[in-house]
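Me: Could you go through this structure with me? I'd like to take it piece by piece.

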Amino acid sequence: MESSSKGLLTQVTQFWNLLDDLAESNPESYEKFIQQQLKEGKQLCAAPEPQLCLQTRILKPKEKILFINLCQWKRIPAPQSATHPVPLSVGRPEDMSETSDVYTVIDVAYHPDVLQAAEKDQVKKDQLIRMAMKCIEEKLQFTLSNSYHVTKFRIKGSVHRMKQNLMGIQTDPTDLREKMRKVPKDEVSSKTRCLIEEISSTEIEVEMKRPAYELKIVADQNEKPLKIELKVELPGINSVSLCDLSVSEDDLLIEVSEYRLHLNLPESVDTEMTTAKFIKEKATLIVTMPLVSGRSPSHPSLPTI
């Protein structure tokens with residue numbers, strides 16, 4: 001342990017000597033280096049900020065209202081490119097109550113650029129929301145409702161609580177200073193490293209693709225609507241056994257590998273008569289959903305065949 005400490009001290013001394021040499025030989029490069037380190041340090045210490053709040057439901061293990069706070073946080077890395085996974089961080093669930101209503105709040109953070117890019121693109125925004133919900137299900141072993149809505153308020157609960165949850169540290173500067181006074185100086189660096197590891201362990205990378213699809217209402221010779229037919233292209237999938245299909249009277253969810261497709265159906269369908277088949281040669285899933293009898297289409301803009 002002693003030799004390890006001496007080796008570390010030697011490396012630190014060499015580093016400072018290099019900085020001193022750089023300051024003398026190339027003051028401009030030295031200043032740029034210091035500014036870059038200050039910028040990165042500021043980003044590392046930046047606190048998450050609320051962006052928007054969603055309301056949905058936890059179905060399992062216990063049914064409950066769920067609020068998801070989507071936050072922007074510079075500490076979360078931005079995606080390397082449009083084809084790379086999107087990093088995110090999920091906080092621990094917290095149960096709260098207002099009068100007799102009990103609900104759960106979960107905080108999820110993305111890099112600011114990710115949320116800003118989706119601000120004016122409803123498809124991208126829905127994808128980010130679905131990523132967050134999928135991540136919550138996988139990490140916390142929850143089953144969530146497929147439906148959600150964006151609330152009028154930006155955050156459920158206080159900003160102070162959200163910061164504590166995601167950052168995992170006491171955000172009150174006074175309390176933090178008191179704690180630091182009680183920590184021996186030689187323990188500060190090791191505790192900082194531990195904290196960073198704990199935060200980074202909550203960062204999860206998820207890449208969800210929305211597959212290409214075609215949705216049609218099929219009518220008979222008298223133009224009476226009979227059924228909804230959905231064709232979904234799933235490149236790389238070679239078996240129907242890999243597809244997880246869930247159909248309710250008014251919506252549909254398909255999950256397979258990196259693909260996820262959730263659709264609100266234009267008409268109520270008969271779930272018991274719904275069928276699905278997979279065309280292996282075309283990697284296409286075809287779902288046929290007969291309409292509930294006695295209903296007429298309320299969306300005439302949808303093509304019929």
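Me: How many bridges join β11 to strand β12, and which way do the two run?
Reply: Four bridges join β11 to strand β12, which covers residues 251–256, and the two run antiparallel. Please keep in mind that this is a predicted model.

Me: Which residue stands opposite L252 in β12?
Reply: That is V247, which stands opposite L252.

Me: What's the order of the strands in that sheet?
Reply: Three strands form an open sheet in the order β11-β12-β13, and the pairing is antiparallel. The strands at the edges are β11 (244–247) and β13 (259–264), and each has a single partner strand, so one side of each is left without a neighbour in the sheet. From one strand to the next, the twist averages 5°.

Me: What holds strands of a sheet together in general?
Reply: Strands of a sheet pair through backbone hydrogen bonds, and the pairing can be either parallel or antiparallel.

Me: OK, charges next. How many salt bridges does a search of the whole structure find?
Reply: The search finds ten salt bridges. One of them is between the side chains of R260 and E255, at 2.3 Å from N to O, and both of these residues are buried. Another joins R57 and E63, at 3.3 Å from N to O, and here R57 is partly exposed, with a relative accessible area of 33%.

Me: And what about D107 and R161, how far apart are N and O there?
Reply: The side chains of D107 and R161 meet in a salt bridge at 2.9 Å, N to O. This pair links distant parts of the chain, since D107 is in strand β5 (residues 101–110) and R161 is in helix α5 (residues 159–167), 54 residues apart. Both D107 and R161 are buried. Through salt bridges that share partners, R92, E94, D107 and R161 are joined into one network.

Me: Now E137: is it buried or exposed, and which side chain of opposite charge is nearest?
Reply: E137 is buried yet has no salt bridge, and the nearest side chain of opposite charge is R260, 4.3 Å away. A salt bridge needs a side-chain nitrogen of Lys or Arg within 4 Å of a carboxyl oxygen of Asp or Glu.

Me: Where does E137 lie, and what is it in contact with?
Reply: E137 lies in helix α4, which covers residues 122–140. Leaving aside its neighbours within four places in sequence, E137 is in contact with F142, T143, L144 and R260.

Me: Switching to cysteines, how many disulfides are there?
Reply: The structure holds zero disulfides.

Me: Last one, L226. Where is it, and what does it touch?
Reply: L226 is in strand β10, which covers residues 225–233. Not counting residues up to four places away in sequence, L226 touches V218, A219, D220, P290 and L291. At 40% relative accessibility, L226 counts as partly exposed.

Me: How far apart are L226 and V292?
Reply: L226 and V292 are 66 residues apart in sequence, and in space they are 8.6 Å apart, C-alpha to C-alpha.

Methods: Residues numbered from 1 in each chain as written. Predicted model: local features only at pLDDT ≥ 70, side-chain atom pairs only at ≥ 80, totals over all residues. Heavy atoms only, no water. Buried < 20%, exposed > 50% of the residue type's maximum accessible area, 1.4 Å probe, protein only. Lys, Arg positive; Asp, Glu negative; His and termini not counted. Contact = heavy atoms within 4.5 Å. Disulfide = S-S within 2.5 Å. Pairing = 2+ DSSP bridges. Axes fitted to C-alpha atoms, helices over the stretch in contact; angles between N-to-C directions.
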